[in-house]
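Dear colleague,

Please find below the structure that I am handing over to you. My notes on it follow directly after.

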Amino acid sequence: MPKAPRGTFDILPQEHIYWKYVEGKATSLCQLYGYQPLSTPIFEDAQLFIKTVAGGTDIVDKEMYVFADKSGQELALRAEGTAPVCRAYIEHGLFNLPQPVKLYYIGPAFRYERPQAGRYRQHHQFGFEALGEADPALDAEVIEMARRFFDSLGLSRLSIHLNSIGCKLCRPGYLEVLRQHYSGYIDHLCPDCKARLVRNPLRLLDCKKTSCQEIAKTAPKITDYLCPECQLHFQSVQKYLGAMNIPFHLNPRLVRGLDYYTRTVFEVEPREKGGQSTLGGGGRYDDLIESLGGKPTPAVGFAAGLERIILNLKKQKTDIPALPEPDAFIAYMGEEAKIEALKIASELRKAGIAVIMATGDKSLRGQLRQANSLGIAYALILGKQELSKRSIMLRDMSSREQKIIPLAEIAKILKP
RNA sequence: GUGAGCGUAGCCCAGUGGUUAAGGCGCCAGGUUGUGGCCCUGGAGAUCGUGGGUUCAAAUCCCACCGUUCACCCCA
């Protein structure tokens, strides 16, 4: 029997209340901040992700769903949300709109890896991006918006970690200083960190091994090596966050995995963190659009994984609004009543009343059991007696009261 | 890709070598030939993850594979 592929899952009806809840909060948030929806294809030219997310990492070899279609074109399942947004921005000339252009997306993304807590091969991301504006106030607004998102979901006890990782002018100098620092400890580094030293030195800073963390603690801080422009930008972000009363923790060891980030980076974490705990993160990526062939365009954004959010909602036992129940259930006895019931159900639905029609010629008892387990407020019962009077029995399932209603009036009573 | 734990009905799970694999939830039906929730009775539902091996005998022991969980790598 075929099963859902590894790292994928079905979202069953009782789970969908969480998804609807989070998606609803996300879209109303974006509406509040003037972000408009953008949907991009679920697969893209593989180069889009190879150019933007893959530098210096083994994402392409190991983690990306890359395949050739029947024409031989190299495609990749959407690996993340930001690069496609930038591609669309360039492709549709959105730089001709008043800047910044503010866009958001909710949709699946794919990574080929072994599943673990809150990480799946097909997962879902919500993200928003503001393109075409370098003002640090926008960084602050994006962070404030991220915070409001989690607040609106009822996720509390979160903290925001903030850092700046400089720009292409000042970061290389810092990386050199960092390498020098670590080369003094090379014999004490774990094998992974030895590889990082060559391939992705920023990642040295968040190795989980305690021995490596000791070395990271004494490492030079990137914020001491920022160029004057980056320094000013970073200070302004903090000033604006302060003005909006957004608490944050400066974390000089916060780096993000992808190359394309510049200046501001931030992550949102539960206070009590565990292995895969980060709920969302983002930052500025001032060089990304240019690297895709667009004009130099500064941009800043945020993304969060819906699975992790839902995991936390469940952990916190947050109250989630239930999906609406149908308004009424129609039970019938006998073929003649069944035919009439079908007609009534159709009419009621035309009037906007959600109706479940009994099926299968069950006993009345069985039909009412079904209505009960569906949690429906009203049962309509149609038998010979009601038919002969052109009427129907209306039963209030919670009070057990029932009365005979003329057929012509039933819609009005159910939906006055 | 690496390491560890776990796979028994739709779900939770008992069962560590010996008859027809036990129970709870849920499902279906009856108890009430026209009335649900509680209760009672009955029923359906399990290739014991898959394949191989050990043994007179395997859900139980061994091996491999698959899946899953957690962690690592990586992190979008």
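**The surface near RNA strand B**

Helix 13 gives the most to the surface near RNA strand B, with 5 residues. Here a residue is near a molecule or strand if one of its heavy atoms lies within 4 Å of it, and helices (H or I, at least four residues) and strands (E, at least two) are DSSP runs numbered from the N terminus. Please note that this is a predicted model, in which local features need pLDDT of at least 70 and side-chain atom pairs count only at pLDDT 80 or more, while totals for chains, interfaces and linings use all residues. Residues are numbered from 1 along each chain as its sequence is written, chains are lettered from A and ligands numbered from 1 in the order in which they are written, and side-chain values use heavy atoms, with hydrogens and water left out.

In total, 46 residues surround RNA strand B, and the closest are Lys 62, Arg 196, Gly 257, Arg 365 and Met 397. The elements that each supply at least two residues of this surface are helix 3 (59-63), helix 7 (191-199), helix 13 (364-374), helix 14 (384-388) and strand 15 (391-396). By class, the surface comprises 22 charged, 13 polar and 11 nonpolar residues; Ala, Val, Leu, Ile, Met, Phe, Trp, Tyr, Cys and Pro count as nonpolar, Asp, Glu, Lys and Arg as charged, and the others, Gly among them, as polar.

- A polar backbone atom of Ala 117 is 2.9 Å from a phosphate oxygen of RNA strand B.
- An N or O atom in the side chain of Arg 119 is 3.0 Å from a base nitrogen of RNA strand B.
- A polar side-chain atom of Arg 369 is 3.3 Å from a base oxygen of RNA strand B.

**Chain A as a whole**

Chain A contains 15 helices and 16 strands. Its radius of gyration, taken over C-alpha atoms, is 28 Å, well over the 22 Å that the globule rule (2.2 Å times the number of residues to the power 0.38) gives for 416 residues, so the chain is more spread out than a compact globule. Along the principal axes, the C-alpha atoms fill a box of roughly 95 × 50 × 50 Å. Of the 416 residues, 48% count as buried, meaning under 20% relative accessible area, with exposed over 50% and partly exposed in between (1.4 Å probe, protein chains only).

**Individual residues**

Arg 171, in helix 6 (residues 171-183), is buried at a relative accessible area of 14%. A polar atom of the Arg 171 side chain lies 2.6 Å from the backbone oxygen of Tyr 261.

Arg 263 lies in strand 9 (residues 262-270) and counts as buried at 15% relative accessibility. Its phi is near 55°, a positive value in a residue other than glycine. Asp 361, likewise not a glycine, has a positive phi of about 50°; Asp 361 lies in the loop between strand 13 (355-357) and helix 13.

Finally, a cis peptide bond joins Gln 99 and Pro 100, with omega about -5°. Pro 100 is placed in the loop between helix 4 (82-91) and strand 5 (101-110).

With kind regards

Conventions
A polar contact is a pair of N or O atoms within 3.5 Å; within protein, one must be able to donate a hydrogen and the other to accept it, and residues adjacent in sequence count only if both atoms are side-chain atoms.
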